[in-house]
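Thank you all for coming; I would like to walk through one model with you this morning. Please keep the sequence and the structure open while I talk.

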Amino acid sequence: MTEIFTPPTRFAVPGRIAVGDGTANRWQTATLTEIRRETPRAATFRFAVPAWAGHLPGQHLMLRLTAADGYTAQRHYSIASAPDDSGHIELTLDHVDGGEVSGWFHAEARPGDRVEVRGPLSGFFAWPGDRAALLIGAGSGVVPLMSMVRHHRARDLSVPLRLLVSARGPEQLIYAAEYGPETTPVFTRSAPPGLLVGRLTAAHVAPLLAERPPGGWEAYVCGSNAFAEHASRLLVAAGQPVDRIRIERFG
Ligand SMILES: Cc1cc2nc3c(=O)[nH]c(=O)nc-3n(C[C@H](O)[C@H](O)[C@H](O)COP(=O)(O)OP(=O)(O)OC[C@H]3O[C@@H](n4cnc5c(N)ncnc54)[C@H](O)[C@@H]3O)c2cc1C
């Protein structure tokens, strides 16, 4: 007998993911339309979500994969794209070693595959674009911050926005080609010629706080637990009010 289909993983059932009753409680089908490599470990996945209600920069969603046998896995993912009315959203996923969901996306997902999404979620980490934004991220923690940067550009906003982004090296810097003068990269293991290697320090944060934009900065910090603690301590030490630091932890 010829075997016509052998799923390489539990989730590798393109086009055959069970949507079930989910749409009734706001789960929506998202169809993968494009995959773009960002770094050796991260890629952006673009989805068509025709009934997407819109989001604010910084918000995330819940993503659900369902295997043919009914097994499901849910994970939170920040929305990388700026709000628009294209009926599409983009997510950028790091490939976590042994990761169930990120592993499926990086190894198996193909355009045309369908998953489910529910959101947008959490207004706390959202940035409507109405106040000066000081953004600090590490690794894939830059994803929700990039939605803010893209929104700032797309709407040609005049409020100040600055981004400090930490990566191990230039080849691990997600969205490297998109950064402009608003961004300062910090490289912790290897750096291009002329740039120092080292972790985020007070010397990176202080000049930005010294700019003192009208109304002050709203700070947004995103990354692992350890990075979020480190960056928020630096901000407080530099004089940023604690109640104006918003933190999203991926860990
Ligand atoms: C609000 C929020 C937004 C998020 N946004 C993003 C995003 O934009 N992009 C993105 O890539 N991830 C994001 N994450 C992390 C994401 O939800 C998953 O945790 C991640 O993709 C790993 O899931 P997995 O199924 O691949 O791994 P799992 O099967 O859950 O875990 C496999 C192994 O990896 C470890 N692990 C799990 N997560 C991580 C991690 N983040 N780093 C290192 N080790 C880990 C686990 O402890 C376990 O040992 C976000 C998390 C939160 C809470």
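This is a predicted model: local features need pLDDT of at least 70, side-chain atom pairs count only at pLDDT 80 or more; totals for chains, interfaces and linings use all residues.

Let me begin with helix 2, which is mostly covered, since nine of its twelve residues are buried; helices here are DSSP runs of H or I with at least four residues and strands are runs of E with at least two, numbered from the N terminus, and a residue is called buried if 20 or more other C-beta atoms, placed from the backbone, lie within 10 Å of its own, exposed if 12 or fewer, and partly exposed in between. Residues are numbered from 1 along each chain as its sequence is written.

Helix 2 covers residues 143-154 and reaches 16 Å from its first C-alpha to its last, close to the 16 Å expected at 1.5 Å a residue, where the expected span is 1.5 Å times one less than the number of residues. Among its buried residues are Leu145, Met146, His151 and His152. Aspartate 156, which follows helix 2, has a positive phi, near 50°.

Leu145 also brings us to the largest nonpolar core, which has 56 residues, and in which Leu135, Leu145, Tyr220 and Ala231 have the most contacts; such a core is a set of buried Ala, Val, Leu, Ile, Met, Phe, Trp, Tyr and Cys residues joined through C-beta atoms within 7 Å. This core draws at least three residues from each of domain 1 (22-121) and domain 2 (133-249), with bounds that come from an automatic or database domain assignment.

How are these two domains arranged? Their centres, taken over C-alpha atoms, are separated by 24 Å, and 16 residues of domain 1 are in contact with 16 residues of domain 2, contact meaning that the C-beta atoms, placed from the backbone, lie within 7 Å. On the domain 1 side, strand 1 (28-39) and strand 5 each supply at least two of the touching residues.

Finally, which residues come nearest to the ligand? Of the 19 around it, they are His76, Gly99, Glu100, Val101 and Ser102, a residue being near if its C-beta atom, placed from the backbone, lies within 6 Å.

Key. Two residues are in contact if their C-beta atoms, placed from the backbone, lie within 7 Å.
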